[in-house]
Amino acid sequence: MSAIGTAPAETAPVETVPTVTPDAFRALMGSHPGGVAVITTTDALGDPHGFTCTAWCSVSLDPPLLLVCAANTSRTLPVIAERGAFAVNLLHGAGRRAAEAFAGRTAERFSAVPWEPSPETGLPLLPDDAHTVAECRVVRLDRAGDHTIVLGEVIRTDASDGPGPAPLLYGRRRYATWQA
């Protein structure tokens, strides 16, 4: 950086600078922990689908919007698109088993972790592993590289402002519980 009032050093135009490798980007993103969620939905037959996700965040307070990122190769992504709804199960420290079960490619995810359908939407909820949940209707899908950004409007949540179980985090290739 140049000091105020001095001419900047000569630099290359940003558009000509090559991007980092996928491994370097993975190392960057893995170097800082993020909250762990399991994203769930059901298909037209009522069968549950889901995946572990650390790429999620709030977008807007009014209307209440959040986004999750799903791999384009995910078997759950087309189900979310067809159903038009999904649940974000935010895991607590004891929810690691759910995170691991839904991170794999096996179809038996829902037999490894207790779940129940939401009374309002029928979306799969993980009451033993999640400290809170947000149920969402899909507002928009945007393909972004090898993932798709799923924008959802929150239609129901069971979050409270009070203390509860500590959230599960993932970073540097390991799980940890947030210490407040």
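The largest nonpolar core has 15 residues, and Ile39, Leu66, Val68, Phe86 and Val88 have the most contacts inside it. This is a predicted model, where local features need pLDDT of at least 70, side-chain atom pairs count only at pLDDT 80 or more, and totals for chains, interfaces and linings use all residues. Residues are numbered from 1 along each chain as its sequence is written, and side-chain values use heavy atoms, with hydrogens and water left out.

Visitor: What makes a set of residues a nonpolar core?

Guide: The members are buried Ala, Val, Leu, Ile, Met, Phe, Trp, Tyr and Cys residues, joined through side-chain atoms within 4.5 Å. For the 15-residue core, at least two residues each come from strand 2 (37-42), strand 3 (48-53), strand 5 (65-71), helix 2 (77-83), strand 6 (85-91) and strand 9 (130-144). Helices (H or I, at least four residues) and strands (E, at least two) are DSSP runs, numbered from the N terminus. There's also a second, separate core of 13 residues, including Ala101, Phe102, Phe110 and Val113.

Visitor: Why is Arg109 called buried?

Guide: Buried means under 20% relative accessible area, exposed over 50%, and partly exposed in between (1.4 Å probe, protein chains only). Arg109 comes in at 12%, so it counts as buried.

Visitor: Which residues is Arg109 in contact with, leaving aside its neighbours within four places in sequence?

Guide: Contact means heavy atoms within 4.5 Å. On that basis Arg109, found in helix 4 (residues 109-112), touches Gly50, Phe51, Arg75, Thr76, Ala101, Phe102 and Gly104.

Visitor: And Val20, is that one buried or exposed?

Guide: Val20 has a relative accessible area of 56%; the cut-off for exposed is over 50%, so Val20 is exposed. Val20 lies in the segment before helix 1 (22-30).

Visitor: How do you know that strand 11 and strand 12 pair?

Guide: Two strands pair if DSSP finds at least two bridges between them. Strand 11 (residues 168-171) and strand 12 have four bridges, in the antiparallel sense, so they qualify. Tyr170 stands opposite Tyr175 in strand 12.

Visitor: Why is one side of strand 1 and of strand 12 left without a neighbour in the sheet?

Guide: The sheet is open, with three strands in the order 1-11-12 and antiparallel pairing. Strand 1 (34-35) and strand 12 (174-177) stand at its edges, each with a single partner strand, so one side of each has no neighbour there.
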